[in-house]
Amino acid sequence: MHIHFLDPYRPRPSLIHRLDPRVKFALTLAFILAVALTPLGAWPVYILLFSIVLSVEILSELGVSDVLKRSTLALPFALAALPMLFTVQGLPLLTLGPLTLTQAGLERFAGIAAKSWISAQMAIILASSTPFPDLLLAMRAFKIPRLLVAILGLMWRYLFVMADEALRLMRARQARSGQPAASAARVGGSVAWRARVTGGMAGNLFLRSFERADRIYAAMASRGYDGEVRAFPLPHITRGQQSILALGLGLLTLLVLGGFLFWG
Amino acid sequence: MLASPVLVPPPAPPAMHIPDGFLSVAVSITFWVLSVIVVGYALKRVNQDLGERQVPMMGVLAACIFAGQMLNFSVTGGTSGHLLGAAIATILLGPWAAVLVLTCVVGVQALIFQDGGLLALGANIFNMGIVGVAVSYFVYRTIQKLAGGRSWSVLVGGFAAGWTSIFIAALACALQLALSGTSPANVAVPAMGGIHALIGIGEGLITVGALAFLYATRRDLFQARQARPVGGRAVWIAGLAIALALAVASPLASSHPDGLEWVAEQKGFLDVARKPLFEIIPDYVFPGVSNGTLATILAGILGALIVFGVAFAVAYTRRNRQPVPTDH
Amino acid sequence: MHHTIEVEHLSYSYPDGHPALRDVSLTIAPCEKVALVGPNGAGKSTLMLHLNGILRGQGHVRVCGLEVGDGNLGKVRAAVGLVFQDPDDQLFSPTVFDDVAFGPLYQGLTEAQVRVRVDQALEAVHMCDYAARVSHHLSVGEKKRIAIATVLSMQPEILALDEPTAGLDPRARRGFINLLRELPQTMLVSTHDMRLVAELLPRTVVMDDGRVVADGPTEAILNDPALLEAHGLEKP
């Protein structure tokens, strides 16, 4: 039993997939930064940024509707920004009881929602178009400590193994969660009891993890591991990829500057 | 293998992973810097403490916490409780290893599953991986000391550490939102604090359940880790300081609806210094259409052209291509 | 020429006091293919972990003339390719290539040399196309083959395999046995699969309760019903 669906990577013969992972990583971060730096009222810039991300989605052949669907997962957090609809001073638009919806509040809320939505899409494209080992390479290029990269590599590798085990524990619990024939007054035990059962499952997972970590260490030591993290040197970035990076960064800088000049 | 359409990777505890767009750039970068410093130090300490075993141990435990967050229990009807794991990780691994483990979990959640933003990642790591861990450590060790190391202190300490880690991390989150101007403190703090005071109960219970299980089955593992408290005074003090700071700052901030007033004032000064270009150019290029609207329309047209151009190009190249390979 | 493996009066107890090996002595000559059989808890896996120094007990263990001890661990671990029971424990890198390259990389070889070793190892297990694959998508049979490749890339003299056919379906098992037949290294195979023993491994060592209770030609041992019964084994 495998949890394939946890891995968002989808291989496609697209231009985006073929980009150097370091370039993709840099451009994604730069894009998100550009979105964050764009002042709240600068709608034309948002439109252009959105069209950029939409174009990249199309280029990546991942399926625009799929990416859009996934990007809505972050929406519930928008509730946190909801109060600003009513608290920012501005032109009143609508009154609901004691609360007054203001135009400025609506604009700010819409701005934040737009930023969030656009940023999320670019992050989704990065994760879906780049195999995780390539992302690790990009992290190394960005000078993230080798130790941390090694830990992340192992974490990724065993994520699915552990998730399988967690699933099996939950299935076992499900299998034992029958309903009595005559409906009892209380089925399923108290919340506290259920939490403790779940806690037991968590403890179980922990135990298996310790034991597995020991075995993995034995396997690593058997192949000569000495505690130092070793890897091949990073491959060379071609001129083509460098120019794509430069172009992308240049375009984003222009957009951000434009945003500041006109709406700052 | 049967496809499991029912199971979508569930997001971690609701409303703790801040997406991009909700924090100001200044706040994001500040917390990135803080997190980088603490995580960097954690790497050094874990290197000292675990040596060769650190990579497999941290990696697998990070995977375990991630998978553990998938474990849920139904609270009422549709809602369910989840585990964050900061308390459990801290109690079993010590604070520095816990920081690393949670950093990896939160990092991968953001990068791969978009559970939390990338620019906001620094703040998320800080809230869950650093505040959560420091506070857990402080609470747990304090209770242990007060109880003189008696066995019930493990369970009580575990519950308290679990609850407090969630609650205080939520306060940190709320204050970050307030500082960014996204959510006024007098709403964010009570809301986040209130919700997570409840969620924290679930965390506390699961933490206790896990500790009880391990205490019963592998007491040797337990005691080996309890005997040498890895972490020491610095972490304890940090935990106390953070908990106090957030507990005091939150009600203070709540009573100032505009967020922290001096921040607003600073902004006012800055605004005077920078005049948007619009004020230099006349308001209308075309009579009746403001420059702002014009720019928006033009941007819309330009954007649409770009998108259609790309779509067309892709469709064109696809026609001449071999059938696309199917997914794994 | 020295024996490939020499175990002299090896004893070992786990930290909790449980004695796992009691005065075990064993010699294996170059190019021998030896089966290690016995009930669970006999000490088979424990013995294997002594061969490359993961565990250290009282007594002597010599591999290719080298005493297994602090100074020699690097060379010993390169000489003994230990293949663990659960391939998931052995495939710990992000990609298959990374896993197979791990051994040679830690032996200090250059990038070019490592790539050559990886190609050779994957070739030997007939999985050349798998280099870029990610381990968790592979089937158990594929993982077990890659696990062998991860030690072959170190060019060991000895292969020590722990329950290689456990968990394999008949087809994968057949493929795996054929693969083992092709490999030239000295082999020590711990297994419950008596048909594998009969087919592939001319010498059998029987362990029970931490001791070696029989050591001889497979045919003789498999035709001794009293011996088999006494130690929880069945004739294939």
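Strands are DSSP runs of E at least two residues long, numbered from the N terminus. In this predicted model, C:His9 lies in one such run, strand β1 (residues 5–13) of chain C. The phi of C:His9 is near 50°, a positive value in a residue other than glycine. Most residues other than glycine have a negative phi. A second residue with a positive phi that is not a glycine is A:Glu61, at about 55°. A:Glu61 is placed in the loop between α3 and α4 (64–71) of chain A. With 19 other C-beta atoms within 10 Å, A:Glu61 is partly exposed, since burial requires 20 or more.

Chain C contains an open sheet of six strands in the order β6-β7-β8-β3-β9-β10, with mixed pairing. Its edges are formed by β6 (80–83) and β10 (211–217) of chain C, each of which pairs on one side only. On average, and with direction ignored, neighbouring strands of the sheet are turned by 15° against each other. Strand β3 (residues 33–37) of chain C runs parallel to strand β8 (residues 186–190) of chain C, and four bridges join the two. C:Leu36 has C:Ser190 of β8(C) as its bridge partner. By contrast, β9(C) and β10(C) pair in the antiparallel sense over six bridges. C:Arg203 is bridged to C:Pro217 in β10(C). β9(C) and β10(C) form a hairpin with two residues between them. In the turn, C:Asp209 has a positive phi of about 55°.

Helix α1 (residues 44–51) of chain C lies across β3, β6, β7 (158–162), β8 and β9 (203–208) of chain C, and runs at about 150° to β7(C). Helix α6 (residues 140–152) of chain C lies across β6 and β7 of chain C, at about 160° to β6(C).

The contact between chains A and B takes 86 residues from chain A and 86 residues from chain B. On the side of chain A that touches chain B, at least two residues each are supplied by several helices, including α2 (21–37), α6 (103–129) and α8 (146–175) of chain A. α9(A) provides the largest share of this side, 23 residues. By residue type, the side of chain A that touches chain B divides into 63 nonpolar, 15 polar and eight charged residues.

The largest nonpolar core has 254 residues. Those with the most contacts inside this core are A:Ile151, A:Met155, B:Ala62, B:Leu100, B:Val101 and B:Leu102. Its largest share, 18 residues, comes from helix α6 (residues 152–179) of chain B. Leaving aside residues up to four places away in sequence, A:Met155 touches B:Gly59, B:Ala62, B:Ala63, B:Cys104 and B:Val108.

Chain B has 11 helices and four strands. Of the 328 residues in chain B, 51% are buried. Among contacts in chain B between residues at least 6 apart in sequence, 74% join residues at least 24 apart. The pLDDT of chain B averages 78, and 74% of the residues score at least 70. Over residues 1–14 of chain B the pLDDT is below 50, and this stretch has 18 contacts in the model beyond near neighbours in sequence. Residues 257–264 of chain B also stay under 50 in pLDDT. For residues 257–264 of chain B the model has 14 contacts beyond four places in sequence.

Definitions and conventions
Residues numbered from 1 in each chain as written. Chains lettered and ligands numbered in written order. Predicted model: local features only at pLDDT ≥ 70, side-chain atom pairs only at ≥ 80, totals over all residues. Contact = placed C-beta atoms within 7 Å. Nonpolar A, V, L, I, M, F, W, Y, C, P; charged D, E, K, R; others polar. pLDDT = per-residue confidence, 0-100. Pairing = 2+ DSSP bridges. Axes fitted to C-alpha atoms, helices over the stretch in contact; angles between N-to-C directions. Buried ≥ 20, exposed ≤ 12 C-beta atoms within 10 Å, placed from the backbone. Core = buried A, V, L, I, M, F, W, Y, C linked by C-beta atoms within 7 Å.
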